[in-house]
Amino acid sequence: MKVNYHTHCNRCRHADGTAEEYVRSAIHAGLTILGFSDHGPFPDTDFKRLRMPYEELRDYLADLKELKEKYDSQITLYSGLEIEYLHEFEPYYQALLNEMGLDYLILGQHFFKNASGGLTDLYSLKSSEEALEYACSACEGMRSGFFRILAHPDLYMFNAFSWDENCEKACELLIDTAVSTGTILEYNANGYRRGIHAFSDGDRYYYPDPRFWRIAARHASEIQVIVGSDCHNPSQVWDEAMERAYQDLEELGIEPTFDFLPHQAF
């Protein structure tokens with residue numbers, strides 16, 4: 001069974017291709033389900049990350065509705081967003097799911113509120129202590145109940161520090177919270193496309209991080225894991241990175257999830 005719920009399109013300003021081009025690519029590759037999850041905007045707020053402008057959100061949803069109807073006999077399409085969790089925006093997440101009718105939200109915690117009240121960029125962590133702060137913020141998001149999937153939970157290892165006790169604590173905290181809340185953890189294939197890089201603890205991919213996923217494998221009977229393409233080009237809907245992701249999960253002894261029910265109304 002071929003599915004993908006992590007799909008970006010040109011509305012986020014750093015992906016190529018229209019939504020319809022991704023649908024056609026998915027049909028050609030034999031996918032049965034394609035979920036769109038472009039980077040979600042925040043109303044009246046610019047967090048200086050590449051994402052869909054807020055004024056395009058309703059057009060995005062209208063486009064997906066039209067595509068659902070047009071390709072109904074060929075593929076199941078879902079409409080979603082990948083977005084960060086900040087407590088003050090809980091009414092907005094609720095409106096996205098209820099009033100705007102999104103099928104799901106993916107928690108992509110690319111930044112988080114730090115102790116001083118500012119925002120910390122996940123791609124610019126200075127220490128493993130900040131990795132633990134990221135994990136706490138992502139867990140708060142999972143406990144909110146708005147998010148079905150936690151995208152690339154191991155993305156904190158994108159940074160230069162070595163794996164240590166804090167990194168392991170962050171991993172355990174994310175896994176335990178995913179289990180207790182029923183949140184699906186994503187094994188993100190896009191890290192393979194970004195290549196191998198040199199770190200102080202050896203050469204490796206930014207993600208997926210095998211140390212994180214070996215710990216996750218100890219909880220294989222409890223966790224739910226889904227493979228996400230995180231595609232930014234129609235050719236990536238299903239490619240060698242996706243094939244490898246499924247192969248690596250199998251070697252870890254983790255059985256992937258392929259489908260889930262849309263969110264219930266809040």
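Two strands pair if DSSP finds at least two bridges between them. Strands (E, at least two residues) and helices (H or I, at least four) are DSSP runs, numbered from the N terminus. This is a predicted model: local features need pLDDT of at least 70, side-chain atom pairs count only at pLDDT 80 or more, and totals for chains, interfaces and linings use all residues. Residues are numbered from 1 along each chain as its sequence is written, and side-chain values use heavy atoms, without hydrogens and water.

**Strand β3 and its partners**

- Strand β2 (residues 33–39) pairs with β3 in the parallel sense, over seven bridges.
- Gly-35 has Tyr-78 as its bridge partner in β3.
- β3 also pairs with strand β4 (residues 104–107), in the parallel sense and over four bridges.
- Here Gly-80 has Tyr-104 of β4 as its bridge partner.
- A right-handed β-α-β unit is made by β3, helix α3 (residues 90–98) and β4.
- Right-handed means that, with the strands pointing away from the viewer, the path from the first strand over the helix to the second runs clockwise.

**The cavity**

- A cavity is a set of points on a 1 Å grid where a 1.4 Å probe fits but cannot get out.
- The structure holds one cavity of 30 Å³ or more.
- Lining residues have an atom within 4 Å of a point; among them are Tyr-5, His-6 and Glu-186.
- Strand β11 (residues 225–228) gives the largest share of the lining, three residues.

Terms used:
On a 1 Å grid over the protein atoms alone, a cavity is a set of points where a 1.4 Å probe fits but cannot get out, and a pocket is an open set with protein on both sides within 12 Å along at least five of seven lines; lining residues have an atom within 4 Å of a point. Grid points are joined across faces, edges and corners, and a volume is the space filled by probe spheres set on the points.
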